[in-house]
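Some notes follow on how two parts of this chain meet. Please read them with the model open.

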Amino acid sequence: MSSYDVIVIGSGPGGYVAAIRCAQLGLKTACVEGRETLGGTCLNVGCIPSKALLHASHMLHEAEHNFAEMGLKGKSPSVDWKQMLTYKQSTVDSNTKGIEFLFKKNKIDWLKGWGSVPEAGKVKVGDEVHEAKNIIIATGSEPSSLPGVEVDEKVVVTSTGALELGKVPKKLVVIGAGVIGLELGSVYARLGSEVTVVEFLDAVTPGMDPEVQKVFQRMLKKQGLEFIMGAAVQKTEASKTKAKVHYKLRKDDSEHVLDADVVLVATGRKPVHDGLGIDPLGVELTKRGQIAVDKNWQTSAKGIYAIGDVIEGPMLAHKAEDEGMAVAEVIAGKHGHVNYGVIPGVIYTHPEVANVGETEATLKEAGRAYKVGKFSFMGNARAKAVFAGDGFVKILADKETDRILGAHIIGPGAGDLIHEVCVAMEFGASAQDLAMTCHAHPTYSEAVREAALACGDGPIHM
Ligand code: FAD
Ligand code: NAI
């Protein structure tokens, strides 16, 4: 039996970051992981492989649609799917090996296998029981199931199966117009699949700024994705090579069927904590089945903490990472903090979509007076030069104090641009502070400055 200050269960962005920070703070640390490689959902079957496929398919799209106009002529590239998957896997491998290297560097023991907590202060992995003064549960999430839909990861797949299909399907039906559905739907549309997205609600990506939702859906339609909105999927029927998707339109209850070669089920994810054996230890759950924690990420059982997708909040890698660092600081007797009001969200389609902080809907609901500064990428010289003039930056600021409350960006580099606003918000900046900051020309970030100017006396280039 080994004895540790901290044992982390799960090596995703929450778990591995917590383990590294614990070790850096001088705590003897181990991390339990049941997968064959470290890095969790994010590195193995989430953020990283999906971004590799998004990048490769975007390159193809650029070659097919924009090269000729720039005077780049010749045969456009064709898709070697097997090689694309090899590229995707090598990206994954280099990242997962990177975590293994960081574990060795920080003297973190990787306890290989599935962990459980037989009693407070003990973690069981295989036949071995280890002692831990503190336990951090970072077991993440998995795709939620949909009644009537049986996943076989070949014809009816979750995101995991969609990242390693045998071939590019002719017809792909995506259930759910959320982040996974639209990112992976974009990949296959660019690679030549006919993609139909069936969504229960009337707008894509629930919770996002309604103006962004509309522009985003219009842009995706232009890229060839078809949408059936206000449609509840009832069931799927699958053979070895084909499937049928039965759905009902909410407006008139009419029933319809779609044919598909592959069906991607992307209707949300749920926390993973079955098998940990934590119920008898008094670890309470929220109404939505997440592990409940206090402001120090401690569960209702002393010495057992939880972070990442397994607790409440957005299911995002960087949210899990921030909690990982913060909980390590708490365990080491320091102060750990996560500012949940400033967690950016990014969708890595083309163009990218990014947001942080309040939306107009949340501000209206709270009865707060606010102003809107908006600037179109059409007025941004750099964006126009690269065929990316579609989209805009919207900054929301307090009507009286001018303090920035949120931002919504759809356009080139949105996923990077949003961080300028995040930093401003962390420092409690006003829109004027952003507007008075010199921005290099010609950059996309000038559009952020112009949106900030639009909160005051008005933008220059519009
Ligand atoms: P996870 O990454 O899920 O890791 C949990 C780990 O715990 C797993 O490796 C699991 O094997 C292990 N585990 C579970 N139970 C046990 C046990 N009993 N014993 C041992 N090990 C155990 N987020 C972003 O921010 N940006 C993105 O671009 C993005 N893209 C995504 C794309 C896809 C297709 C998917 C599915 C998700 C994406 N996400 C993205 C979400 C992101 O992956 C998650 O928010 C993030 O991985 C959560 O981290 P975590 O550490 O909480 O858990
Ligand atoms: P999601 O919650 O983003 O979207 C699910 C969609 O499915 C919703 O629009 C919902 O209305 C719809 N839906 C549910 N039931 C339906 C039904 N029966 N018929 C039709 N539509 C139905 O979930 P998604 O896309 O599965 O992603 C899961 C999580 O993974 C997200 O919470 C996200 O945070 C994370 N993620 C993040 C990424 C990023 O940061 N770029 C990329 C991919 C995933």
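1. Domain 1 and domain 2 together bury about 1400 Å², and 69% of that area is on carbon and sulfur atoms. Buried area here is the accessible area (1.4 Å probe) that two parts lose on being put together, summed over both. Val45, Leu54 and Trp81 supply 38% of what domain 1 buries against domain 2, more than any other three residues.

2. This is a predicted model: local features need pLDDT of at least 70, and side-chain atom pairs count only at pLDDT 80 or more, while totals for chains, interfaces and linings use all residues. Residues are numbered from 1 along each chain as its sequence is written, chains are lettered from A and ligands numbered from 1 in the order in which they are written, and side-chain values use heavy atoms, without hydrogens and water.

3. The chain divides into domain 1 (3-143 + 270-338), domain 2 (156-267) and domain 3 (343-454), with bounds from an automatic or database domain assignment. The C-alpha centres of domain 1 and domain 2 are 27 Å apart.

4. In contact (heavy atoms within 4.5 Å) are 18 residues of domain 1 and 15 residues of domain 2.

5. One salt bridge is counted between domain 1 and domain 2, a term that requires a side-chain nitrogen of Lys or Arg within 4 Å of a carboxyl oxygen of Asp or Glu. The side chains of Lys51 and Glu183 form a salt bridge at 2.8 Å, N to O.
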